[in-house]
Amino acid sequence: MTDWIKENGKAVFAGGKGSFEDAARVASQCSCFSEDCEDELVCDDAISCYNCRYRRWTATSFECMKR
Amino acid sequence: MKLFVCIDDTDNYDSIGTGELLENMMGEAAIKGLAKAGFTVRYQLFIHDDIPYTSHNSSMCCAAETNDRETFTEFCQKYLEENSAEGSDPGLCILTDDSSLDYSALIEFGKRAQCKVLTKEEAYKAAKEFGNGLHLSEHGGTGGGIIGALAGAALRAGKEEGRIKGKIQPLPNKPDWTTSEFASVFGVQRFIDEDGNEITDNLSIRFVHPTKLLYSKGLITGVIINENGQLMPKPKIKKNKEKKQ
């Protein structure tokens, strides 16, 4: 299964907002990961797309601003 | 004079966040003797494709006290113009904090900003209808940040629930507390359980994980959870643990 869905040219995470293990795996392989400010961290994994400053939340998931 | 100060849309992907910029701004205002800041509350606004937020569309609002509102306002305006990130659309709202004022229409605007796409025109209309005691200004880009700035100040004035910026760290060598001790040390005014029920008993709690406080019903509020029979302040983050259960 691919981790990303292309929507209007944007790379949207296929796992939505609840795929914590996938978000951690993808971030661990990403050279662009950068932790967001403390108030915007949402999960326990130190490295996770969900905690990355380059994710832009959408209604159902997030788009990666580095893809 | 007591105020609510809210800024929004001041960042880009590589800059400091709006909450940090607000704290820096208020810190500099304090050094200059212009104002003293209280704690900052984060409000989540609507997540929608038509809203040009950076990553999470939250708005940060702090309380402040000043003896010279005009000079303080001018300072904030200049600070935002000089320190907001490139490509951002900063907005500033400074609202009088006075319990005799009727904030109801503004609060309605704030609540709408949490579930609808609003325009700058709607923000200016709401500000104009409120009248004196409200400053709203744009400081670069599209100036669209006035929408979130007004919404954040309005929600704070309405004592709407939001997260207090920052976290509380456990103290070394002191895992066991009572809620009364915890309240006294960390300034907590009220405790609730995870379902929002008020806790009035003086409970024994174990404080070993960082926690965040809420602003709820106008009070600094701690959330106490029961984890396997152990009462504790709700850990700051536990979302993935919940999901894995």
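Modeller: Quick definition before we start: helices (H or I, at least four residues) and strands (E, at least two) are DSSP runs, numbered from the N terminus. Two strands pair if DSSP finds at least two bridges between them.

Colleague: Okay, and what kind of model is this?

Modeller: This is a predicted model, where local features need pLDDT of at least 70, side-chain atom pairs count only at pLDDT 80 or more, and totals for chains, interfaces and linings use all residues. Residues are numbered from 1 along each chain as its sequence is written, while chains are lettered from A and ligands numbered from 1 in the order in which they are written.

Colleague: Which residue stands opposite A:Val12?

Modeller: A:Glu63, in E4(A). That strand covers residues 62-64 of chain A and runs antiparallel to E2(A), with 2 bridges joining them.

Colleague: How many bridges are there between E1 and E2 of chain A?

Modeller: E1 (residues 4-7) and E2 (residues 10-13) of chain A pair over 4 bridges, in the antiparallel sense. A:Trp4 has A:Phe13 of E2(A) opposite it. The two strands make a hairpin with 2 residues between them, and A:Asn8 in the turn has a positive phi of about 55°.

Colleague: Switching topic: how many residues of chain A are in contact with chain B?

Modeller: 19 from chain A, against 17 residues of chain B. Contact here means C-beta atoms, placed from the backbone, within 7 Å.

Colleague: Which strand of chain A gives the most to that side?

Modeller: Strand E3 (residues 55-57) of chain A, with 3 residues.

Notes
Two residues are in contact if their C-beta atoms, placed from the backbone, lie within 7 Å.
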